[in-house]
Amino acid sequence: MTETCLVNGQRIVLTVPSDRVVAERVMRHIKRRMEEDDWRPYTCKADALRAWRRLGGIRAQILHALNLV
């Protein structure tokens with residue numbers, strides 16, 4: 001059975017209960033990067049978003065929910 005959580009009004013699909021913690025951690029990480037404009041080790045925001053999107057999964061869903069991809 002899959003669960004979901006809401007990020008910015010968008011549903012994030014969680015395949016196991018422990019994914020909720022992962023989703024919250026990823027969300028905090030991305031928000032901190034945006035607030036601090038810190039994209040290291042990437043050279044810019046676009047490079048970071050491109051790399052994170054390729055990873056797929058929860059991270060890609062959160063990027064989509066935040067309208068970053």
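A polar contact is a pair of N or O atoms within 3.5 Å, where, within protein, one must be able to donate a hydrogen and the other to accept it. In this predicted model, such a contact joins the side chains of Asp38 and Arg40, at 2.9 Å.

Start with that spot. Asp38 is found in the loop between α1 and α2. Its relative accessible area is 13%. Buried means under 20%, so Asp38 counts as buried. Beyond its neighbours within four places in sequence, Asp38 is in contact with Arg32 and Arg33. Stay in this loop. Pro41 is found there too, between α1 and α2. A cis peptide bond joins Arg40 and Pro41. Omega is about 10°. As background, most peptide bonds are trans.

Now move to the core. In soluble globular proteins, nonpolar side chains tend to be buried together. Here the largest nonpolar core has 18 residues. Which of them touch the most other members? They are Val7, Ile12, Ile30, Trp52, Ile62 and Leu66. The core draws on several elements. Strands β1 (3–7) and β2 (10–14) each supply at least two residues. So do the helices α1 (19–36), α2 (45–55) and α3 (57–65). Take Leu66 as an example. Not counting residues up to four places away in sequence, Leu66 touches Val7, Asn8, Met27 and Ile30. Val7 and Ile30 are also among the core residues that touch the most other members.

Next, helix α3. Which of its residues are buried? Ile58, Ala60, Ile62, Leu63 and Ala65 are. The buried residues of α3 pack against β1, β2, α1 and α2.

Look at Leu63, which lies in helix α3. Its relative accessible area is 0%, so Leu63 is buried. With neighbours within four places in sequence set aside, Leu63 is in contact with Ile30, Leu49, Trp52, Arg53, Leu68 and Val69. Glu3 sits 60 residues from Leu63 in sequence. In space, the two are 18 Å apart, C-alpha to C-alpha.

His64 is also in helix α3. Is His64 buried or partly exposed? At 46% relative accessibility, His64 counts as partly exposed.

How does α3 meet α2? Two packed helices are described by the angle between their axes and the distance between the axes. The axes of α2 and α3 come within 6 Å and cross at roughly 130°. That angle makes α2 oblique to α3. From α2, the contact is made by Leu49, Trp52, Arg53 and Leu55. From α3, Gly57, Arg59, Ala60 and Leu63 take part. These residues divide into 5 nonpolar, 1 polar and 2 charged.

On to strand β2, where Val13 is found. Val13 counts as partly exposed, at 39% relative accessibility. Not counting residues up to four places away in sequence, Val13 touches Thr2, Glu3, Thr4 and Gln61. Ile58, one of the buried residues of α3, is 45 residues from Val13 along the chain. Their C-alpha atoms are separated by 7.5 Å.

Finish with the backbone. Most residues other than glycine have a negative phi. Asn8 has a positive phi, near 55°. Its place is in the loop between β1 and β2. The relative accessible area of Asn8 is 54%, which means it is exposed. Asn8 is also one of the residues touched by Leu66. Asn67 has a positive phi near 60°. It is found in the segment after α3. At 62% relative accessibility, Asn67 counts as exposed.

How values were computed. Residues are numbered from 1 along each chain as its sequence is written. This is a predicted model: local features need pLDDT of at least 70, side-chain atom pairs count only at pLDDT 80 or more; totals for chains, interfaces and linings use all residues. Side-chain values use heavy atoms; hydrogens and water are left out. A nonpolar core is a set of buried Ala, Val, Leu, Ile, Met, Phe, Trp, Tyr and Cys residues joined through side-chain atoms within 4.5 Å. Buried means under 20% relative accessible area, exposed over 50%, partly exposed in between (1.4 Å probe, protein chains only). Helices (H or I, at least four residues) and strands (E, at least two) are DSSP runs, numbered from the N terminus. Contact means heavy atoms within 4.5 Å. Axes are lines fitted to C-alpha atoms, for helices over the stretch in contact, and angles run from 0 to 180 degrees between N-to-C directions. Angles under 35 degrees count as roughly parallel, over 145 as roughly antiparallel, 65 to 115 as roughly perpendicular and the rest as oblique. Ala, Val, Leu, Ile, Met, Phe, Trp, Tyr, Cys and Pro count as nonpolar, Asp, Glu, Lys and Arg as charged, and the others, Gly among them, as polar.
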